[in-house]
Amino acid sequence: KVVRCICEIRSTEFQGAVNLIGCGRFDLSENLDYAELSDLKNVNLAKIPSLHGILTDSILRLITECRAKNLTDSVKLNGCGRITLGKDFDAVQDLKIVDLSRIPSLEGTLSVSMVRFISEHRGNYGTDAFKLHGCGCFILDYIPVDNSQTLKYRSVNLSNIPSLTGNIYFFMTLGSLIELNLQGCTGIQGNIDAVLPHFAELNKLNLQGCSNIQGNIETLRYCSSLKELNMQGCRDITGHISVLQACPDLSVLNLQDCCKIQGDLITVTFCKSLVSVNFMNCSVIKGDIKSLSDCLHLQTIKLKKCDKITGDIKSLSGCACLELVDLSGCKKITGDISTLRECLVNINLDGCYNITGDIENLKVRFCSLFSCPEITGDIKSFSGCAIETINIGGSGSKIIGDINSLSGCDRLTNVSLMHIKKITVNLLALSSCQCLETIKLIDCDVTGSLKDMSGCKKIKDVNLISCKKIEGSISDLSAMKCLEIVKLINCKGFVGDISELKFCTEVVTFIIGGCDNQITGDIQSLSECKRLAHVNLSDCYQITGDILALSRCKCLMIVDLDGCYHITGDISDLCDGDWLTSVHLRGCFEITGDISSLEGCACLEDIDLSHCRNITGNLSSLSGCSRLRTVNLHRCFKIKGDKEMFKHSKISKTKMSPKKIPVRRSSMTRRKSRVTSTEDAKVRRMQNVVLDYHG
């Protein structure tokens, strides 16, 4: 009855309508009957820090069925105490989707039977059929060596469970494994040297993101049947890639970010079936790129920042199946780009200073040539191919032309021009590109009005920085119904009222700064943007409103209202969101409330409340924010406590002066002497001329 009462009140009113913060211990009843609660559309027990319990069969069934019928957010248990898994998943064996994600307080031990159930369930219905991301700590149970059932395992898929901890030795007895997928399990640790010799039949090994796993890659010689190897992000793996000679059937090789692995590219010539090679950020790998030409089935080559690799890109012209080449940062590679006209679909040569040639007749869909000073040509060359993405820039770029020449590219989806003055851009010319989704123009010769872009119905990302000739208003954005990301920084001709943003209901990121304070309006309009995750209106001091409007944005992660000193409200209104990670309210003098309201924000990492003189409370209330890294409470005179309480926490920095914002109207200044209380000094202080006192 109590659970039903809480859920119904919060469903009809709002989450804070039932407030149990600061109470004693509550326990989920083990006799909670699923049948009595199965009609609920929303189960909201969030922000009850002292709530504990075991995920019994009834509760497990209630969570999974409610989420299957409605949405993941229909069940909320964030900000609670310790909730532990039961002994098995028998109660949900008949369900296709088991969603236990985004319950930060959920933890427990994964037994042998649980691992088997998760793997088989994902094998039958897909990886997303069983979700455990965003939860607390799960520990792998020990598998006895004499357990004969473990030998029947053929596939284990525990991917995308970042909170899963334990040792890779857990899998030693699974000698019959064909596939082992631990992608994204950052808590798994151990040494592969003791495990891989047991996997003679292994075909697929995916350890992507397992940054705590160690060992020598040369133990792969025991896995002669290996076809797919993915160790991306395993930075502590060492050894020489010459061991790949023992895996002749290897088709997919991904050692991205394995910076301690050594070897020569000539080794891959023994793997005749290779389709994809990824050595990105492996700066120790050396050799001649010509070695890859022997792999006739090769489709993807990624050698980003492998600056010891040499050779002429002409040698790749014989790879008939080649679709993607990423050589960005390979400074020693030479050659003429025109030699790849016939074999490439996607090419990235960012930072390849020694590659020359003309882009004329280059038949590509994706082209990135940032900081390629020796490559020449006119941008109109792309008008004759099915170009989809263009990324060109760098102060020394010799590529010229007018963006008007691309007006006929009906497949163009992404345009990125940075720090280049030789290409002229008029936004009106891009309006005819009906498939355009992303436009990124940084410090370019751009003219026109945002209103000209209203014809691009599919545009999702508008990123304009230091385009001082552009004119427009926020009302021009309202015609872009699919808009997700808005970044308008240092665009002096941009004006408007943010209330017009209510028509852009799909916006996820909204950042405006350096627009000569011509942005006005009430933040109430942001409440219509249900998917809003990142809002930055720093130094837009003409904006008004109550931060209560942001409480309706349930996906909110980052809030930056630094210098918006007309904003009012209670800080607790920001705490209804489940994923709040950063709160910056520097200089928001009118905001009130107690910092204890932040206690239930389990994901909070960064707080800046400097100069918020009306916020009260005690530092001890932040002790429950386990992920907190930086705290700035400078000149918050009503907040009490001792920062020594953070001494043994994971907080890396307790800031005593405001973080410097890269784009602002006024500059940061320091004054050692006392500032007199003149009207001029008050105005300057309101414009965020920071008075930084030390001692």
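How much area do domain 1 and domain 5 bury between them, and what share of it is on carbon and sulfur atoms? The model is predicted.

**Colour the domains.** Colour the protein chain by its assigned parts: domain 1 (1-102), domain 2 (137-260), domain 3 (263-365), domain 4 (377-494) and domain 5 (527-658). Keep domain 1 and domain 5 on display. Their C-alpha centres are 28 Å apart, and the contact between them takes 8 residues from domain 1 and 8 residues from domain 5.

**Select the interface.** Together, domain 1 and domain 5 bury about 810 Å², with 45% of this area on carbon and sulfur atoms. On the domain 1 side, select Lys47, Lys76 and Arg102; these lose the most area to domain 5, together 47% of what that side buries. Between domain 1 and domain 5 there are 0 salt bridges, and 1 residue pair is in polar contact, with both residues at pLDDT 80 or more. By class, the side of domain 1 that touches domain 5 has 1 nonpolar, 3 polar and 4 charged residues.

**Go to the largest pocket.** Select Phe14, Gln15, Gly16, Lys554 and Asp576. Of the 27 residues that line the largest pocket, these are the closest to its centre. The space in the largest pocket is about 740 Å³. Its lining divides into 7 nonpolar, 12 polar and 8 charged residues. Why does the largest pocket lie between domain 1 and domain 5? Both domain 1 (1-102) and domain 5 (527-658) give residues to its lining, so the pocket lies between them.

**Go to the second largest pocket.** Now select Pro104, Ala602, Gly624, Ser626 and Arg627, which lie nearest the centre of the second largest pocket, among the 18 residues that line it. The volume of the second largest pocket is about 560 Å³. Sorted by class, its lining has 6 nonpolar, 7 polar and 5 charged residues. Which domains each supply at least three residues to the lining of the second largest pocket? They are domain 1 (1-102) and domain 5 (527-658).

**Last view.** Show the lining of both pockets together with domain 1 and domain 5. Each of these two domains gives residues to the lining of the largest pocket and at least three residues to that of the second largest pocket.

How values were computed. Residues numbered from 1 in each chain as written. Predicted model: local features only at pLDDT ≥ 70, side-chain atom pairs only at ≥ 80, totals over all residues. Heavy atoms only, no water. 1 Å grid on protein atoms, 1.4 Å probe; cavity = no way out; pocket = protein on both sides within 12 Å on 5 of 7 lines; lining within 4 Å. Points joined across faces, edges and corners; volume = space filled by probe spheres on them. Nonpolar A, V, L, I, M, F, W, Y, C, P; charged D, E, K, R; others polar. Domains from an automatic or database assignment. Contact = heavy atoms within 4.5 Å. Buried area = accessible area lost by both parts, 1.4 Å probe. Salt bridge = Lys/Arg side-chain N within 4 Å of Asp/Glu carboxyl O. Polar contact = N/O pair within 3.5 Å; in protein donor to acceptor, adjacent residues only side chain to side chain.
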